[in-house]
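The sequence and structure come next.

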Amino acid sequence: MARVTSTVFATPAVVPADSSERSRYSDKTLTAKPARTGPADGGRPLLTYARDVADFPGVRLHVVTGKGGTGKTTVAASLALALAGGGRKVLLAEVEGRQGLAQLFDCPPLRYEERKVAVAPGGGDVFALSIDPEDALLDYLHMFYKLSRTGVAARTLRRMGAIEFATTVAPGLRDVLLTGKVKEAVVRRGGNGTAAYDAVVLDAPPTGRIARFLNISQEVSGLAKVGPIKAQSDGVMAVLRSQRTAIHLCTLLEEMPVQETIDGVAELEQVRLPVGGVVVNGIRPPLLPPAALSAAEAGTLDRAQIASGLEKAALDAPDDLVDTLVGEAGDHAVRVALEERGRDSLGALHRPTYELPMLAEAVDLGSLYELADMLKAQGMA
Ligand SMILES: Nc1ncnc2c1ncn2[C@@H]1O[C@H](COP(=O)(O)OP(=O)(O)OP(=O)(O)O)[C@@H](O)[C@H]1O
Ligand SMILES: [Mg+2]
């Protein structure tokens, strides 16, 4: 099981930490509370709930986007576990055929079929599925036209490559089919009339494509002005634009992902899609206390103190080693300063913000539970 890296909290031998001086970052990492301010568009109430109430109480569809590789799949899976805790039923869906969820949950490849992949802490189930346009179209034809999913017509459509053809000619149709299935799961009722799922979490396409992917009414406007596709797209859009949906953005504290997050929020707001929270993933707390960071950045670290720190640790302290350490401390201080600027830029978005640490080992099912706990403790679920 991966654990939160502990070395990042250790006192470095090079520059002894001043115990009276807490890191200026320590308050903001694992124990960070989300910034409880509401979005600028006023579309949602200010988030002033008590600590034990999650930040998105009415939300049934959580869409997780972000720059490629920033942790969308990891965060979506952790959020699903967090939401399922205490006996709830959550569906986790992927739409890009990447099988990222199957890898994380260490299960056979997901198909177009809801399958239980994990049990949440305190009871509760996470189901998962991979939505692909071909199956989604056959499902749609089955639901609305009673066409058998496995009958001759369906087999012929598949064999002719008709679906691939249709979705290639009209990419908007592909997105309507994918989001249509997600919406169907959100509004589905069980036999007793209650919601089939308490929440649906979508491991969504990256920020660069998310607004187009979700803003399907725009996508299909050239395709269908009336008829079933238009009706389907209107129904999906009604859920996506409603208070039942929150689109969360996942990022790292690096220049490009931060910028992409800011641009993504602006783009989503522009097309009136409901932005949720920002999840800052891969947090690495500074290795040096603030005074040492400032000195490292200014190139004024006390070389004698570094040498004596090395000697105290029973290590040789030749000049070139001290030089190397001073250089590394300088690079580290620059990175920390950049991260802090990234944090400030994200803070200016005034969205609930959650932080997850960089784990020391590869993410596995055990680490998902840890990350889920952290999201829950910070109020995201
Ligand atoms: N908090 C973390 N600590 C350590 N490793 C992490 C963390 N979050 C994600 N990772 C790792 O980073 C890599 C990218 O994560 P993930 O696949 O979740 O990102 P993604 O945004 O879904 O990527 P893609 O754009 O390729 O779909 C994976 O190898 C994952 O295990
Ligand atoms: Mg992914």
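The exposed residues M256, A266 and Q270 sit on the face of α10 turned away from its buried side. The model is predicted: local features need pLDDT of at least 70 and side-chain atom pairs count only at pLDDT 80 or more, while totals for chains, interfaces and linings use all residues. Residues are numbered from 1 along each chain as its sequence is written, and chains are lettered from A and ligands numbered from 1 in the order in which they are written.

The buried residues of α10 are P257, V258, E260, T261, G264, V265 and L268. Seen down the helix axis, these buried residues fall within an arc of 160 degrees, so they line one face of α10; the arc is that of the directions from the axis to the C-beta atoms. Their packing partners are β1, α7, β6, β7 and α13, where contact requires C-beta atoms, placed from the backbone, within 7 Å. Helices (H or I, at least four residues) and strands (E, at least two) are DSSP runs numbered from the N terminus.

| Partner of α10 | Residues |
|---|---|
| β1 | 61-66 |
| α7 | 207-214 |
| β6 | 245-251 |
| α13 | 319-347 |

Helix α10 itself covers residues 255-270 and reaches 23 Å from its first C-alpha to its last, close to the 22 Å expected, a span given by 1.5 Å times one less than its number of residues. R272, with a positive phi near 55 degrees, follows α10.

In the protein chain there are 14 helices and eight strands, and buried residues make up 41% of its 381 residues. A nonpolar core is a set of buried Ala, Val, Leu, Ile, Met, Phe, Trp, Tyr and Cys residues joined through C-beta atoms within 7 Å. The largest has 84 residues, of which L79, A80, L92, V126, V200 and V201 touch the most other members. To this core α1 gives the most, with nine residues. Another core, of eleven residues, lies apart from it and includes L293, L325, A329 and A333.

Ligand 1 is surrounded by 17 residues, the closest being G68, K72, T73, T74 and L359; a residue counts as near if its C-beta atom, placed from the backbone, lies within 6 Å. The largest share of this shell, three residues, comes from α1.

Terms used
Buried ≥ 20, exposed ≤ 12 C-beta atoms within 10 Å, placed from the backbone. Contact = placed C-beta atoms within 7 Å.
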